[in-house]
Amino acid sequence: MPPTVDRARPRSSSETVRRVLAAAVFLPIFYYLVHDLGAIAFFGLAAIAGMLAAGEFYRLHLGQAPWPWWCWLGVGATGLLISSAQWPTLVTDRAVLLGTLAIALCMPLLSGKSLRDSLTDGMVLVMGVLYLGLTLSYLVLTRGLPDGALLIFFVFLVTWAGDTGAYVAGKSMGRHALAPVISPKKTYEGLAGGLVLACLMAVVARAWFLPAFSLVDCLALGMILTITGLIGDLAESAMKRSAGFKDSGALIPGHGGMLDRLDSLLFTGPAFYYYVTIVNNG
């Protein structure tokens, strides 16, 4: 039997108010950018968010150490990799990745650190570009598909529903730890709640604005996005825990850093894109 876990402590009222206010400000802006301003505006949003998150990712590795030159390179390469999804003829993803890898392998020649530390920095550089740039580029690719704006709303809503259902069910009924070493508050009961609410949201979204999806698509995507979102959440939690951080940053009041807000989408975005372009079109 899985180990039992104590219920998560309730959030303070002030933190909840900050979270609600931040969401109230962000959601109308997000809707306007995605629905009214077109694919270029959404690319700009994804690129800025990705570069901010890349900076937070490198800070997890550096701790209180001074910000080195290669972090700026990683932030820029993240933006370029996301750009390759919007303008593949101008910016090629292979060129960005090859250049980043070349710099990483040359770190022992370019850094004043020990051989071991310089190689570690190089691998962190590559990891940040792949982790943020490669994954977020799939959301840009999704926005470029027919009905791309509606598809973006679908993946965001279902991902959000999975996260919310997991939080509510885990807080109220959570007893059995899902990943106690990485995230003690994650429970099997929370996972079940996330699956249920994500599937319900997918069905609502189908009836609301995306009738091209079948009920089978909705159920499949509800499960796929909840599980991949959980993996993304746990992956970021593992990195933060190993570095001794509670949040990746304090950019968004009540929500932590940009990486904290993107962690699930970094995995649900690619999964959704491949489902839509392969399974749903097949």
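**Legends to close-up views of the predicted model**

**Figure 1. Overall fold of the protein.** The protein contains 11 helices and 2 strands. The model is predicted. Read from the N terminus, its elements follow the order α-α-α-α-α-α-α-β-β-α-α-α-α. Of the 282 residues in the protein, 46% are buried. Among contacts with a separation of 6 or more, 70% are between residues 24 or more positions apart. The accessible surface amounts to about 14,300 Å², and carbon and sulfur atoms account for 70% of this area.

**Figure 2. The largest nonpolar core and the surroundings of F272.** This view shows the largest nonpolar core, a set of 62 residues. Within this core, Y58, F154, F213 and F272 have the most contacts. Helix α2, which spans residues 39-62, supplies the largest share of the core, namely 11 residues. In soluble globular proteins, nonpolar side chains tend to be buried together. When neighbours within four places in sequence are set aside, F272 contacts T142, L151, F154, V155, F213, L221 and L225. Two of these partners, F154 and F213, are listed with F272 among the core residues that have the most contacts.

**Figure 3. The nonpolar surface patch along helix α9.** Helix α9, covering residues 215-243, is the main contributor to the patch, with 5 residues.

Figure 4. The structure has 4 salt bridges in total, and two that share K240 are shown here. In the first, the side chains of E236 and K240 meet at an N to O distance of 3.6 Å. Both residues belong to helix α9 and are 4 residues apart, about one turn of the helix. E236 and K240 are both buried. In the second, the side chain of D260 meets that of K240 at an N to O distance of 2.9 Å. This pair connects distant parts of the chain, with D260 in helix α10 (residues 258-262) and K240 in helix α9, 20 residues apart. D260 is buried, its relative accessible area being 7%. K240 has a relative accessibility of 10% and therefore also counts as buried. Through their shared partners, the salt bridges unite E236, K240 and D260 in one network.

**Figure 5. The salt bridge between K113 and D121.** The side chains of K113 and D121 form a salt bridge, with an N to O distance of 2.8 Å. Are the two partners buried or partly exposed? K113 is partly exposed, at a relative accessible area of 44%, whereas D121 is buried, at 2%.

Figure 6. S237 lies in helix α9. With a relative accessible area of 12%, S237 is buried. Residues up to four places away in sequence are not counted here; beyond them, S237 touches I182 and S183.

Figure 7. How many disulfides does the structure hold? The number is 0. A disulfide is a covalent bond between the sulfur atoms of two cysteines. C199 takes part in no disulfide, and the nearest cysteine sulfur to it belongs to C218, 8.8 Å away. Likewise, C218 is in no disulfide, and its nearest cysteine sulfur is that of C199, at 8.8 Å.

Terms used. Residues numbered from 1 in each chain as written. Predicted model: local features only at pLDDT ≥ 70, side-chain atom pairs only at ≥ 80, totals over all residues. Heavy atoms only, no water. Disulfide = S-S within 2.5 Å. Core = buried A, V, L, I, M, F, W, Y, C linked by side-chain atoms within 4.5 Å. Buried < 20%, exposed > 50% of the residue type's maximum accessible area, 1.4 Å probe, protein only. Contact = heavy atoms within 4.5 Å. Areas by Shrake-Rupley, 256 points an atom, 1.4 Å probe, with all protein chains shown as cover.
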